[in-house]
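Subject: Handover of a structure

Dear colleague,

Please find below the structure that I am passing on to you.

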Amino acid sequence: MWNRVMAMRWRRGYLRVVRSSFATVPFYRELWALSGRTEPEVVPGRTGVDGGAVRAAALAGRVGDLVPLAGGPTEIDPLRGLGPVLAEHLAVTAGTLVAVVDPGTPRPPVDLPAGVRSCVLDPSGLAGPYAGVLDDVADHLRRGGRVVAVGGDKDLDQLAAALPETLAHLVTRVPVRGPDDLTAPVGPHALIAHPLLGVLGGLGGCGRWHIDHPRVYLRATPAGPAYTLLRQRSPRLVDVLAGHGRPGWCPRHGTPVVEP
């Protein structure tokens with residue numbers, strides 16, 4: 001259960017990222033110096049465009065400008081944050097096999113808990129190039145291992161159809177929803193993910209969309225919810241507008257959620 005002190009720490013972490021980005025990241029130095037912003041206010045008396053936030057489309061082709069002046073990686077990882085969110089919401093532990101079913105995913109996740117294996121499958125190639133990977137998933141299930149499958153609804157359907165009927169129902173299905181698709185029906189498990197920001201949170205047992213608050217900050221702006229990655233040093237992604245809804249608090253857990 002969060003309290004006021006923890007909420008203040010969450011916000012202070014966000015403000016540290018903002019100040020550091022304004023001081024060291026070319027894109028934000030330019031954006032905020034020209035238009036100002038509100039949290040914290042950089043140009044007195046000016047509110048900036050969209051409350052200082054930036055639309056994801058405006059970052060296309062600008063990844064090099066999101067690297068701090070001291071240098072850093074430029075790779076965008078659409079699976080960033082997957083491991084911590086799965087550990088939090090599905091209690092994924094050693095011995096689990098995480099199968100990412102997504103034709104656009106370039107590589108397996110890198111932040112899974114120790115002892116958790118992973119694989120990536122293109123659903124269109126389950127009878128061809130990915131047949132061997134599919135066999136590994138089936139063998140893991142036959143041995144009594146846990147398989148957590150992450151992907152879009154249609155992709156997960158294709159995986160289930162490709163597995164033997166006696167095994168398909170054993171897979172823990174985790175559909176992915178974008179920040180603009182949080183009202184779509186889901187089962188007991190689901191993730192919030194964005195191609196630029198990575199995995200932002202997951203569906204709690206309370207039925208609310210919980211933010212991965214140790215790694216993600218969410219605030220309201222005139223243009224919608226803006227997300228900040230708190231622990232990614234490079235490329236720096238701060239106050240990125242994504243999806244609909246508004247920030248809120250879960251009455252059961254007292255932690256941050258996004259309300260559709």
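What volume does the largest cavity have? The largest cavity has a volume of about 30 Å³. A cavity here is a set of points, on a 1 Å grid over the protein atoms alone, where a 1.4 Å probe fits but cannot get out; a volume is the space filled by probe spheres set on the points, which are joined across faces, edges and corners.

The model is predicted: local features need pLDDT of at least 70, side-chain atom pairs count only at pLDDT 80 or more, and totals for chains, interfaces and linings use all residues. Residues are numbered from 1 along each chain as its sequence is written, and side-chain values use heavy atoms, with hydrogens and water left out.

The cavity is lined by I76, D77, R80, L196, L197, L229, Q232 and L237 (a lining residue has an atom within 4 Å of a point). Five of these residues are nonpolar, one is polar and two are charged (Ala, Val, Leu, Ile, Met, Phe, Trp, Tyr, Cys and Pro count as nonpolar, Asp, Glu, Lys and Arg as charged, and the others, Gly among them, as polar).

Pockets were also found (open sets with protein on both sides within 12 Å along at least five of seven lines). The largest pocket has a volume of about 390 Å³. Of its 25 lining residues, D102, V176, A193, H194 and P195 are the closest to its centre. Strand β6 gives the largest share of this lining, three residues (strands are DSSP E runs of at least two residues, and helices are H or I runs of at least four, numbered from the N terminus). The second largest pocket holds about 310 Å³, and its lining takes its largest share, four residues, from helix α3.

Turning to the helices, α1 (residues 4-24) and α2 (residues 26-35) pack at an angle of about 95°, with their axes 6 Å apart (axes are lines fitted to C-alpha atoms, for helices over the stretch in contact, and angles run from 0 to 180 degrees between N-to-C directions). That makes α1 roughly perpendicular to α2, a term for angles of 65 to 115 degrees. Residues V18, S21, F22, A23 and T24 of α1 meet P26, Y28, R29, W32 and A33 of α2 (contact means heavy atoms within 4.5 Å).

Finally, four strands form an open, mixed sheet in the order β1-β11-β10-β9 (two strands pair if DSSP finds at least two bridges between them).

With kind regards

Conventions
Parallel < 35°, antiparallel > 145°, perpendicular 65-115°, else oblique.
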